[in-house]
Every structure is written in structure tokens, then in C-alpha cells.
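The sequence and the structure come first, and the description follows.

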Amino acid sequence: MSIEAEVLLQEAKENIEAAQNYRSELQQRLHGLNQAHNQVRGSASETREVLRRHFEELQAQVMQLLGDRLSALLQEVDAVERDSVRPLDDCQMLIEQGVSAAEELLSEGEAAIRCSIGEKDDKLGSFAKKALQIQLDSLPEVPALMDVPCLSAQLDDSLLPALRERIVCHGSVASHPPVQIEELVERPGGVLVRWSKVDDDFTAQDYRLQYCCSTACQYEDAYIGKDSEFLVLHLDPHTDYLFRVSARGEGRTEWSPWSVPQIGYTALPPHEWRPGCEGYILSSRRNIALRSDASLSNTGVLYSGAPTYFCGQTLSFKITAAGRTDKRDSLGVCVECKSGVESLQRERAVCISTKGAVFVNGKEMTNQLPAITVGSTVTFDMEVVGLFPVTNNNINDTGNFKLRVTIGSGNREVVFDWLLERGVDCLFFGCSFVHPGWKVLVF
């Protein structure tokens, strides 16, 4: 094959590879476009159903309220009518009895006048006695019309305009929620969720984070508060979870529309304390340790169950209860678990004491952090800074190995380099407290 033909063949191969890459990129964009279509159509369909269901329920409730109010008013009319007519009926009965007696007396009197002279004295005497008994000069009192009820309906004409004013602005359709999830960070046994506002005109008073397993359809609350990030713990490794967030505007009671659900998962096993250490009580999930036994003055170090901390991650300790401080107290990480030591203030370990002192390989640094108290959160971040004998192929090559360590507590940080004689890819964590009452959560 000539040189020109080889050049053309090479060019053809490069063009084919470029075309394949181009097609792959277009297919990925087409997939993203299909997802966008599905999101628009799916959210529109769901929104229609939500609107229909809400207004049907609202209409039924309004009709029920109107029906109940009408029934109550009609019952009130019936009660007024019944209470008002009863004395009128009694008066009417009395008058009708008087009319009947008067008619009977009138007939008897007319008969007495027309009777014969022999019977007239007796008839007229009997008539006079009956007239005295009836008391023809005594009449029952009939109430004036102004003294008896005259019912009418009092209806507020402003109700309909007020309802119309509220109804025409009731509900809204939002094309974009005011807050969106911006980052899902894998953490041991959990996922750190970060979100932010995307609507500059929206002032958030509180945020609400929910999550659910991707195979389930029922979300549950993970966090409600003012922070814009939250670590969701107790998640099963290698399982997809859906996360969504909403916000409540300042001075409002209702929550905003939910953000677009994001899928997150963790492949990292949860951090756990090692069971069986005398003087410490662990929670059921083994992520909380309580220094409990005051009779043991020296219990040694409580280590993690396995070296689950990897460089590039953030290891956090949350102090939920505190006892008396001691200069031997420690909270930190180490290369290996050593029994028979009372503190992490030793070789091949970095730690912070409850008084805020920082120790590297057993030596105290000049820089200090705030003392640890209830509510304190201590974080450890590390990144590998390899020195010359360390190769990319074998992290355990003999020689100096350097880790850039950042310890944070309160609003302060201490950054330093930790030199080790051999490379490590994972570390144990541990704690030691001389006095009881300390309670620490690891995550």
C-alpha cells in the first residue's frame, strides 16, 4: 500500500472514530432530551390531577359547609316559629272557646225571650246566671303585631365578592420550584444533601427535606429547619434513594412545590464503634458511644469496628453529652488499634483533646482549637500528599508518606501534614475519656 493510501486509511479510521464519538454524544443528548420531555409531561399530568382533586375536594367541602349553614338557619327559623306560634295558638283556643260560649249564651237568651209567659221567669233566671258565669266584660289580650316576631333572612352581600376575590387568586402553577438540590455527597452509611435557592425573589424561612427508597413511593421527612444541607444517615449501602426539598416562604404557612427528585446512594459502610470495650455503652446501631462507668479510671481507647475512614472523606464526631474534661481525653484517627493505651495521644495517630489541644504522633501542636462541649462537632479531613518513595502502583511502598490533615471544631480549623513511614489507604477512628458522661456520635 502506498504512503498516500495509508494516510487516507488512517484519516478514514480517525473520521470513523470521530463519527462514533459524535453519534454517542448525540445519543446521550437525545436521552437527556427525552428525560426533559418526560419531566415536563409527567409533572404536567401530575399537576393536573392535583389541581382537579384539590378543587373537587374544595367544592365538596364548600357545598357541605353551605348545606350545613342552610340547615342551621332553617332550624333556627323553625325554632323561632314554634316558640312564637305556641302562645298565639293558646290565645286563639281561648278566644274560640269564648266565642262558642257566647254563641251558646246568645242562643239561650234569644230562646228565653221567645218562650211562653209561664216559662219565661225560669228561662230568664237561668240565662242571667250563665251570663254572670261567663263574665261578658272580660276579654283576653291579643298581642299587637309589632310585639310578635316577623321573621326575615339577613344575608351578607359581601360574602360572594370576598369569596370571588379569594378564589380567583387561590392556587398557582409554578414551572420551577424556588429551591433545588445541588449536590448529593456519599458518606459512610448516609448521603449528605445540599440545596440552594434558585428563585432570587423568594425568601425562605424554613426548608423541608424528604427521602424514600427508590422502590417505595412514600416519602418521609428527614429534616425541617433553616440549614441548607443535611446528612441523612441509616441508609442501606448500594441502594438508590430519592431526595427532594421544598421551602416555606417568610410569613407563610404552606410549603413550596417540591424540587426535582434526585437519586443518591452510598456504597460506604456506616461508621461503627467496636463493641466490648469496658466502660462504654453503644447504641443499637453502634454509631453512638457513651462513657458510662465512673468506677473505671482508665478504660483505654474505644476504637472503630473496622478501618472505615478513607482519605478524601469527612469524618465527623458530634458531642451530645459531656462530662468533666481531662488532658488525656482524645478524639481522632489512627493507623492501627493498640490495646493497653489510655489515649490516642501516641505514635501513628492524630487527635484533639477535650480541652482543644491537637496532637500529632503524640506531640502537642502549638495551635489549638476551641474546647469541646455539648453540641460541638469535630471534623477530620485528609488528603494524600505522597513523597518520593511512594509510587502510584503501590501505596504501601516503604518510605515517607504524607497526609494533609484538616481538623475543624467550632468556627476554627487546624491544617498540618502528618508524616507516616508507610502508606495507608484507610484508618481507624477512636476516642478516650477519663471521666464518665461523654456521649459521641460518629458519622
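Helices and strands are here taken as DSSP runs, a helix having at least four residues and a strand at least two, and they are numbered from the N terminus.

## Model and confidence

The structure is a predicted model. Its chain has an average pLDDT of 88, and 94% of the residues score at least 70.

One stretch stands apart in confidence: over residues 390–399 the pLDDT stays under 50. For this stretch the model has 20 contacts beyond four places in sequence. Where pLDDT is low, predicted coordinates should not be read in detail.

## The six-stranded sheet

An open sheet is formed by six strands, in the order β10-β19-β12-β13-β14-β15, with antiparallel pairing. At its edges lie β10 (302–303) and β15 (363–368), each of which pairs on one side only.

Within this sheet, five bridges connect strand β12 (residues 330–334) to strand β19 (residues 428–432) in the antiparallel sense.

Strand β6 covers residues 241–249, and nine of its nine residues are buried. Tyr241, Phe243, Val245, Ala247 and Gly249 point one way from the strand, while Leu242, Arg244, Ser246 and Arg248 point the other way. Both sets are buried.

Strand β6 pairs with strand β3 (residues 204–213) through nine bridges, the two running antiparallel. In this pairing Gln210 stands opposite Arg244. Strand β6 also pairs with strand β7 (residues 262–264), again in the antiparallel sense, over three bridges. Here the bridge partner of Leu242 is Ile263 in β7.

What surrounds Ser246, leaving aside its neighbours within four places in sequence? This residue belongs to strand β6 and has a relative accessible area of 0%, so it counts as buried. Its contacts beyond those neighbours are Val179, Asp206, Tyr207, Arg208, Trp255, Ser256, Pro257 and Trp258.

## Salt bridges

The structure contains 16 salt bridges. In one of them Arg194 meets Glu183, with the closest N and O atoms 2.9 Å apart. Because Arg194 lies in strand β2 (residues 190–197) and Glu183 in strand β1 (residues 179–187), this pair ties together parts that are eleven residues apart in sequence. Both partners are partly exposed, Arg194 at 24% relative accessibility and Glu183 at 35%.

Another salt bridge joins Arg252 to Glu254, with 2.3 Å between the closest N and O atoms. Arg252 has a relative accessible area of 48% and is partly exposed, as is Glu254 at 39%. The side chains of Arg328 and Glu342 also meet in a salt bridge, at 3.8 Å from N to O. Arg328 lies in the loop between β11 (314–321) and β12, and Glu342 in the loop between β12 and β13 (349–352), so the pair ties together parts that are 14 residues apart in sequence. Arg328 is partly exposed at 32% relative accessibility, and Glu342 is partly exposed at 36%.

## A nonpolar surface patch

On the surface, Leu51, Phe55, Leu58, Val62, Met63, Leu66 and Val173 form a nonpolar patch, whose accessible area together is about 610 Å². One of its members, Phe55, lies in helix α1, which spans residues 3–114. Phe55 is partly exposed, having a relative accessible area of 36%.

## Two residues with positive phi

Most residues other than glycine have a negative phi. Against this background two residues deserve mention. His238, which is not a glycine, has a positive phi of about 60°. It is placed in the loop between β5 (229–232) and β6. With 61% relative accessibility, His238 counts as exposed.

Arg348 likewise has a positive phi of about 60° without being a glycine. Its place is in the loop between β12 and β13. Is Arg348 buried or exposed? Its relative accessible area is 19%, and buried means under 20%, so Arg348 counts as buried.

Key
Residues numbered from 1 in each chain as written. Predicted model: local features only at pLDDT ≥ 70, side-chain atom pairs only at ≥ 80, totals over all residues. Heavy atoms only, no water. pLDDT = per-residue confidence, 0-100. Contact = heavy atoms within 4.5 Å. Pairing = 2+ DSSP bridges. Salt bridge = Lys/Arg side-chain N within 4 Å of Asp/Glu carboxyl O. Buried < 20%, exposed > 50% of the residue type's maximum accessible area, 1.4 Å probe, protein only. Patch = residues over 30% accessible without salt bridge, like charges linked within 9 Å, V, L, I, M, F, W, Y side chains within 5 Å. Areas by Shrake-Rupley, 256 points an atom, 1.4 Å probe, with all protein chains shown as cover.
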